[in-house]
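Student: I have a new model open and would like to talk it through with you. Could we take it one question at a time?

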Amino acid sequence: MSKQKLEYCRRCQESTNGGISRRDNKSPLCTKCEELEAFIDMAETLTYPLIKWEFKFQQLLAPQNGMDIFESFLKFRKSIGKKDPSFAEIHYLIWDDMFGCKDKKGWMRQFGKIYADKEKAWKI
Ligand SMILES: [Zn+2]
């Protein structure tokens, strides 16, 4: 008799029902995260809650270079024709979430060009 291995969701650490990530076809996911991940991948445009959820997950997976992985993820989405907010806009949303920066105009004046230039360099 085989013992069933108890697996935990790669995104939220809840126990799973045998669900897996469609991105790599192997990482265990709970039902909720499996649905959310599929929803993100199907979404034509990422809304703020989805951006936040995805970003937190990328950070969790790779605290040292989560931002680079997140940027690659956004670049990939753009390359297949998704219509997400600009990279600068997404950065501002994350910044606001982490540090409570409500001065969007000021932030954009100071940092907007950096992220706009990064996005231009994606060469899609
Ligand atoms: Zn989960």
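Student: Which residues does Ser15 touch, not counting residues up to four places away in sequence?
Tutor: Happy to start there, with a word on the model itself: it is predicted, so local features need pLDDT of at least 70 and side-chain atom pairs count only at pLDDT 80 or more, while totals for chains, interfaces and linings use all residues. Residues are numbered from 1 along each chain as its sequence is written. Two residues are in contact if their C-beta atoms, placed from the backbone, lie within 7 Å. By that test, Ser15 touches Leu6 and Tyr8.

Student: Is Ser15 buried or exposed?
Tutor: Ser15 lies in the segment before helix H1 (31–42); helices (H or I, at least four residues) and strands (E, at least two) are DSSP runs, numbered from the N terminus. A residue is buried if 20 or more other C-beta atoms, placed from the backbone, lie within 10 Å of its own, exposed if 12 or fewer, and partly exposed in between. Ser15 has 10 other C-beta atoms within 10 Å, so Ser15 is exposed.

Student: What distance separates the C-alpha atoms of Ser15 and Cys30?
Tutor: Along the chain, Ser15 and Cys30 are 15 residues apart.

Student: What separates the centres of domain 1 and domain 2?
Tutor: Domain 1 covers 1–42 and domain 2 covers 44–120, with bounds that come from an automatic or database domain assignment. Taken over C-alpha atoms, their centres are separated by 25 Å.

Student: Why do H2 and H3 count as oblique to each other?
Tutor: Two packed helices are described by the angle between their axes and the distance between the axes. Axes are lines fitted to C-alpha atoms, for helices over the stretch in contact, and angles run from 0 to 180 degrees between N-to-C directions. Angles under 35 degrees count as roughly parallel, over 145 as roughly antiparallel, 65 to 115 as roughly perpendicular and the rest as oblique. H2 (residues 48–61) and H3 (residues 66–79) have axes 8 Å apart and pack at about 135 degrees, and are therefore oblique.

Student: How do the residues of the contact of H2 with H3 divide?
Tutor: H2 brings Glu54, Phe55, Gln58, Gln59 and Leu61, and H3 brings Gly66, Ile69, Phe70 and Phe73. Ala, Val, Leu, Ile, Met, Phe, Trp, Tyr, Cys and Pro count as nonpolar, Asp, Glu, Lys and Arg as charged, and the others, Gly among them, as polar. The division is five nonpolar, three polar and one charged.

Student: At what angle do H4 and H5 pack?
Tutor: H4 spans residues 87–99 and H5 spans residues 104–120, with their axes 8 Å apart. The contact includes Trp95 of H4 and Trp107 of H5. The packing angle is about 130 degrees.

Student: Where does Asp103 lie, and is it buried or exposed?
Tutor: Asp103 lies in the loop between H4 and H5. Its C-alpha atom is separated from that of Leu6 by 46 Å. Because Asp103 has 11 C-beta neighbours inside 10 Å, Asp103 counts as exposed.
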